[in-house]
Amino acid sequence: MFASNSYEPIVAAASILIALIASFATLLLLLKYRQRVKNVEFDLINTIRRQQGMTLKYVKQGDHYIHTLMEGQLLKKMGLTPAMVTGKNLHQFYSKQDADRIEQAYSKAWNGEISAYEAQLHGVDYFVTLSPVKQKGKVVEVIGSGVDITERKRTEQIHKESLALKRALINSLEIGMVVMDDDRKIIAINHRCCQLFRIDMPIEEMIGKDFFELLHIYFQNHQQDKHIVNEILANRKPVVDEVNRFEKQIYKRSYFPFYIDDELKGHIWALEDISERRAMERGIIETKEEAVKANQAKSEFLSRMSHELRTPLNAILGFSQLLKLEEKLSAKQREFVDQIGKGGTHLLTLINDVLDSAAIEAGKLKMETEAISIGTVIDECVRFISLLAANKGVRILIEQTAPDDCYVVADRFRLQQVILNLLDNAIKYNREKGTVAIRWDVRDDFLFVHIVDSGGGIPLSEQGQIFEPFYRSGQQQIEGTGIGLSLVRQLIQLMGGTVAVESQMGVGSDFCISLPLVKTPGASGLPQIEKTALVQLEDNEFTILYIEDNLSNLQLIKEILSTIPGIGFLSAVTGAEGIELAVVQRPDLILLDLNLPDLNGCEVFDRIKANPACERTPVIAVSANALQDEINRVLAKGFTEYICKPIDIPAFLSVVAKHLH
């Protein structure tokens, strides 16, 4: 057996060995733990670096806040690296103004408060939240988290600029604008609205106030108007009306409900001061009424004067002609009688010209147009004026350069009046033993008649004025009133023609009138229809009704339609008679003049179409008005066709046949 003392070294060695093994194991565990901590720290740093935002930490050293950590993609966007900011304070990479502002948030966080700030660096906007870290109640560091708000700030700026632009636009309007919510509280109001109501309160103070309490007290009967507004708001439909303000002002008020995605967001009111406009309209109406009364008074005056003047003139001219038959008159007495006759004739001509001019101005001169042989009219005028020409020693020469069968569309009496007026001037303003040449030619479906004198001519400065009413040439020794040429122009224009003058001083003047041509009439005075123009209808009998107050036009259409077998012709000279015939006889086609003595042609059309028996009957307008606006208006009303006078016979028959099939 071993002695007890012999075991002690062995036990001691074993204990030491065990302790070493335990220490080594602990060391291994510690090393593994530290490695795991390093791995976690590495992973955490990598995560922080890869995040889209930014993580930062700082501590306070003296009076400065020193960054101990700053990582993240946001830092990279700002053009910084961790090395550039770690261990640095704010003033080392911010401007003093920005650094001082951010430092206030840093200070709050270091004092234990959660704080935040917005900043911008190198064009990047960001937002940071700061949270203090405490140990034993004392802040030992602050951790911050930042996010990129550049896009949000850009959107906010765009929205801000948009709102500013909208406010500027609304405030620039001459119309007052008010927007309110469902509780009648004002959401927005512009400067013009404040001006209209003379409100001195700042706009900011008006927002949120009751609409009625603020504005409606400025209106007459505001309690009644409040009820109207409530009804408008309840219906939620656009409305435009007018309201009266005190001081006799009138406002045009427009309401529009404001929706976004089918959801009502507010109520828009527009207010416009139309007091001056209404006053102007009243003035225009009053002026128009006065003008109508003045025209009526003038027409009545001219009508009375025509009767009062023509009655004594009838006696003067009649007795002067009787006196000319007396053989016992001395030469001196016969001269006196001639002067009386000339004076009376001149006065009668003057009266006729004034009345015709007034009738044209009032739109009351009715034209009876027909196909007229120009040669016949010129011969009649030359025979009538030949004595005046002979007394002055002026020769009249007819220089025909166009065929004998030249026919124009005109009023025979008015055409004679025009040619006689021009011939009278050509003789009066001619030289002794001068000439007046009459020639006519054809160009582009128009007949041009020239009346050329050998007088002294018209100065170039006056040629643009001689057709103006009451204008007199410088040759004042020639009697006249200045109405004649003005009347010539008006009459020619009413007949669809023109008048012009060319003149050379010392040589003479050439007055030229133009009128539209028509095909040559036959012996009956009506256009002849060639056999090739006849149309073939179905083996049925048709009835055509023509409503027209001009007997010549009625006869013309009757003669044209008589060339077609199987056509029955009805006619009426008034609108009322035409309506009755249309309803009773039920024609297959209706031709309707638009200018009737009792009813307007469009009114006749409406009454005919209102009867079920005539609802499908084609109605063709026949009118001398060839203006395209009038044609479009009539066709838009529902007329089947529109035929212009003078009619083109083959085209007319073609239209008739088309609507009888």
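Tutor: One cut-off first: a residue is buried when its relative accessible area is under 20%. Note too that this model is predicted.

Student: Is valine 377 buried or exposed, and why?

Tutor: Valine 377 has 0% relative accessibility, so it counts as buried. This residue lies in helix H12.

Student: What does valine 377 touch, leaving out residues up to four places away in sequence?

Tutor: Ile372, Arg412, Leu415, Gln416 and Ile419. For a sense of distance, take phenylalanine 413, which is 36 residues from valine 377 along the chain. Their C-alpha atoms are separated by 9.3 Å.

Student: How do I read a nonpolar core?

Tutor: Start with the general idea. Nonpolar side chains tend to be buried together in soluble globular proteins. Here, the largest nonpolar core has 40 residues.

Student: Which members of the largest core touch the most other members?

Tutor: Ile374, Leu415, Ile419 and Ile513. Several elements give two or more residues to this core, among them helix H12 (374-392), helix H13 (412-428) and strand E17 (508-518). Apart from it lies another core, of 29 residues, including Met78 and Leu130.

Student: What surrounds leucine 415, again leaving out residues up to four places away in sequence?

Tutor: Leucine 415 touches Ile374, Val377, Val408, Ala410, Met495, Ile513 and Leu515.

Student: How many disulfides does the structure hold?

Tutor: A disulfide covalently bonds the sulfur atoms of two cysteines. This structure holds 0.

Student: How do I read a strand pair?

Tutor: Look for the sense of the pairing, the bridges and the turn. Strand E6 (residues 176-180) and strand E7 (residues 186-189) pair in the antiparallel sense, over 3 bridges. Valine 179 stands opposite alanine 188 in E7. E6 and E7 form a hairpin with 5 residues between them. In the turn, arginine 184 has a positive phi of about 70 degrees.

Student: What are the totals for the protein?

Tutor: There are 19 helices and 22 strands. Of the 661 residues, 38% count as buried. The protein exposes about 39200 Å², and carbon and sulfur atoms supply 55% of that. Among contacts with a separation of 6 or more, 57% are between residues 24 or more positions apart.

Key: Residues numbered from 1 in each chain as written. Predicted model: local features only at pLDDT ≥ 70, side-chain atom pairs only at ≥ 80, totals over all residues. Heavy atoms only, no water. Core = buried A, V, L, I, M, F, W, Y, C linked by side-chain atoms within 4.5 Å. Buried < 20%, exposed > 50% of the residue type's maximum accessible area, 1.4 Å probe, protein only. Helix = DSSP H or I, 4+ residues; strand = E, 2+ residues; numbered from the N terminus. Contact = heavy atoms within 4.5 Å. Pairing = 2+ DSSP bridges. Areas by Shrake-Rupley, 256 points an atom, 1.4 Å probe, with all protein chains shown as cover. Disulfide = S-S within 2.5 Å.
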